[in-house]
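Please read the following note with the sequence and the model open side by side.

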Amino acid sequence: MSQMPQQAALPKCPSCAEPVEPGDLFCGACGYDLSVPAAPQDQQDHPTLTMTGSGAPGDGTAGHESGTGQASGVRFDRPAEPDEYPLQAPDPRLAAGTAAPADPVQVCVACRAGRVDGDGYCENCGHAQPRERDHVERESGPVAAVSDRGLRHHRNEDAFAVGHTTLPDGAPVAVAIVCDGVSSATRPDDASLAASQAAGDTLLAALPRGTHPQQAMHEAIVAAAQAVNALAEEPATAREHAPHQNAPACTIVGAVVTSGLLVVGWVGDSRAYWVPTDRGAPAARLTEDDSWAAQMVAAGLMSEAEAYADERAHAITGWLGADAYELEPHTASFKPDRPGAVVVCTDGLWNYAETAEEMSEVVPADAAARPLHSARVLVGHALDGGGHDNVTVAVLPFPAPPQGAGSA
């Protein structure tokens, strides 16, 4: 079809293609600097994507177009984009201005005013703050235990384990392990913790398999000894800085209570007591100490009162540890003929209730029904007496035995 003649076209802006007057220095539409020569046609931008309009990709039509088909000032020939974009590094100026919220300030439990430093001491009065093991309470089924740092020691070197499970015939069984770290040894708190956990785990695994409780107790003490021995397996270089340190060590005492049967096991001078619910019946101490005093009494060289009054009384002759002379687990089984409670404790308690009769007097009458309460009362008795040592007590109720059961 023929076309009508057209007047000479005015020059156009190289950027937006709007007509400009000769002599203009800048485009009145987009502000383009007309003094910059336009790029040759073969170097001009070509769109790779149609934004609007009916033009196909690559045909030069996009956006707002002039009648000449020249593209607008929008650049479309963007480079290929990657599949993944790297994360931008955070602006350090922003990071400095948005620090993580600070931990809440810990206030001293003694003066209630000073801040507690990173070492656990008050910056105001210097009081050492309670640590996780300073006071521990736990109950598991019918058994409960309480451990306290006491009033004189800077840390709690005692540990315990309590638990309950069932025998293969479905009968319930309760267990308690109490360990006392040897203060003159290295890392006594680690030794007591390792021993109590190993012994408790061994008992709770062996009893449901049908292992006799007395044999299970023996195996538990052996496992505890192995756990403490492992603490001494340090690299040779570890002793170079402390050549005079000895191996970690602790004592152990435990009890297993099931229908009509009571089993105890021990190494050292931690003890187990039997306290009947009927206080008209006699109480009994179920363990014999591995100690200097016990040896003097057994040899007939001293009376019990004389031996335990001696400053050497609490020197132990048996313990768990790599430097122990020989591991000799003691176990014994009993068949009480009446209900009562078993008290398993460290010398931090029995120093203030040494004989079975004295222990019977301080154990609450409802110990079998309220073991946790009774353990708290017994710890309180030791603290009221001076709290010279760490105090740990476990209380296991012994139910009424089946008809016809007698003592072992």
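**Note on a pocket, a hairpin and a cavity**

1. The lining of the second largest pocket draws at least two residues from each of E1, strand E3 (158-166) and helix H2 (188-206). The model examined here is a predicted one. E3 gives the largest share of this lining, six residues.

2. The second largest pocket has a volume of about 280 Å³. Its lining comprises 18 residues, and those nearest the centre are Val136, Arg138, Phe160, Leu193 and Gln197. By class, the lining residues are eight nonpolar, five polar and five charged.

3. Strand E1 (residues 135-140) runs antiparallel to strand E2 (residues 143-148), and six bridges join them. Val136, one of the residues nearest the centre of the second largest pocket, has Ser147 in E2 as its bridge partner. Two residues lie between the strands of this hairpin, in which Gly141 takes a positive phi near 60°.

4. How many cavities of 30 Å³ or more does the structure hold? There is one, and the largest cavity has a volume of about 30 Å³.

5. The largest cavity is lined by Val275, Pro276, Thr277, Arg279, Gly340, Ala341, Pro364, Ala365, Asp366, Ala367 and Ala368. Strand E7 (271-276) and strand E11 (340-345) each contribute at least two residues to this lining. Seven of the lining residues are nonpolar, two are polar and two are charged.

Note on methods: Residues are numbered from 1 along each chain as its sequence is written. This is a predicted model: local features need pLDDT of at least 70, side-chain atom pairs count only at pLDDT 80 or more; totals for chains, interfaces and linings use all residues. Side-chain values use heavy atoms; hydrogens and water are left out. On a 1 Å grid over the protein atoms alone, a cavity is a set of points where a 1.4 Å probe fits but cannot get out, and a pocket is an open set with protein on both sides within 12 Å along at least five of seven lines; lining residues have an atom within 4 Å of a point. Grid points are joined across faces, edges and corners, and a volume is the space filled by probe spheres set on the points. Helices (H or I, at least four residues) and strands (E, at least two) are DSSP runs, numbered from the N terminus. Ala, Val, Leu, Ile, Met, Phe, Trp, Tyr, Cys and Pro count as nonpolar, Asp, Glu, Lys and Arg as charged, and the others, Gly among them, as polar. Two strands pair if DSSP finds at least two bridges between them.
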